[in-house]
Amino acid sequence: MTQSNTHDPAADSPALSGAGTPSRRELNKAATRSSIAAAALDLLRSQGSGNFTVEDIAAAAGVSRRTFFNYFPTLEAALASVADGFMDHALEQFRLRPADESILESARAALMALADPMSVAPMAELFSLTQDNRSLARSELEAWDHCTEQIIDAARTRLGSGVSELYLHALAGSVISCGKAAMNVWFAERGPDLSSESLATLRQHLIDAMGLLGAGFAPPSGASRHPVPTSAATTTDRF
């Protein structure tokens, strides 16, 4: 696997909770969590899947086995958390968007604001590793599930507590499906290439996928089209 990035999950800042600057205790907890995740990823790179244990991760992170389980229920959950930093930064940008902007336009703008292609490196590497070894699929699934929960929370905050749960879950599911599609296309094109150029391609695929979702998946120019009912053509997308 091409290993051209030096991203360290421990460098990711904790998510903004909207309650102001994190306390020293919160920062310390975030640092410990990130340290454990970084140790898990480093062991996966060097030892390979199935060749290390929770105890190995704890020792590499300089914490006890009990501390590991205070932060993560499983080894797979620790690996999945390496993608948290990307979502944290994307959601920070999402929260800066105008409150009256559509959810999907805000999501697309948030991705565009993450101008450094290396911001997607942790998620890209986790995806690449799980494609090489499907025994790690649980880690990938946990990462996507966590992203889904964060999107639902962010959308609920934007739209208010009265919004339909079906709407929130359908919205988050659609966004995640587009994210997965972007990742699959990128991996088919570039394989486990984590160079800055390759990650820039992934970032653009994620932006374009959000654009397609926001546009209602209108067929590309020149593609064969089926007639669109007038009622459907005039419907405004709430997203």
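Biologist: Let's start with the fold. How many helices and strands does the chain have?

Modeller: There are 11 helices and 0 strands, so the run of elements from the N terminus on is simply α-α-α-α-α-α-α-α-α-α-α, by the DSSP assignment. Do keep in mind that the model is predicted.

Biologist: And how do I read the contacts along the sequence? What share comes from residues 24 or more positions apart?

Modeller: Count the contacts with a separation of 6 or more: in this chain, 70% of them join residues 24 or more positions apart.

Biologist: What about burial and surface?

Modeller: A residue counts as buried when its relative accessible area is under 20%. Here 42% of the 239 residues are buried. The chain exposes about 12500 Å², with 54% of that supplied by carbon and sulfur atoms.

Biologist: Which residues does S139 touch, beyond its neighbours within four places in sequence?

Modeller: They are E76, L79, A80 and L126. With E76 there is a polar detail too: a polar atom of the S139 side chain lies 3.2 Å from the backbone oxygen of E76.

Biologist: Now S106: where does it lie, and what surrounds it?

Modeller: S106 belongs to helix α6, residues 103–113. S106 is buried because its relative accessible area is 0%. Setting aside neighbours within four places in sequence, S106 contacts F94, R97, P98, E101 and R158.

Definitions and conventions:
Residues are numbered from 1 along each chain as its sequence is written. This is a predicted model: local features need pLDDT of at least 70, side-chain atom pairs count only at pLDDT 80 or more; totals for chains, interfaces and linings use all residues. Side-chain values use heavy atoms; hydrogens and water are left out. Helices (H or I, at least four residues) and strands (E, at least two) are DSSP runs, numbered from the N terminus. Buried means under 20% relative accessible area, exposed over 50%, partly exposed in between (1.4 Å probe, protein chains only). Contact means heavy atoms within 4.5 Å. Accessible areas come from the Shrake-Rupley method with a 1.4 Å probe; for residues, only the protein chains shown count as cover. A polar contact is a pair of N or O atoms within 3.5 Å; within protein, one must be able to donate a hydrogen and the other to accept it, and residues adjacent in sequence count only if both atoms are side-chain atoms.
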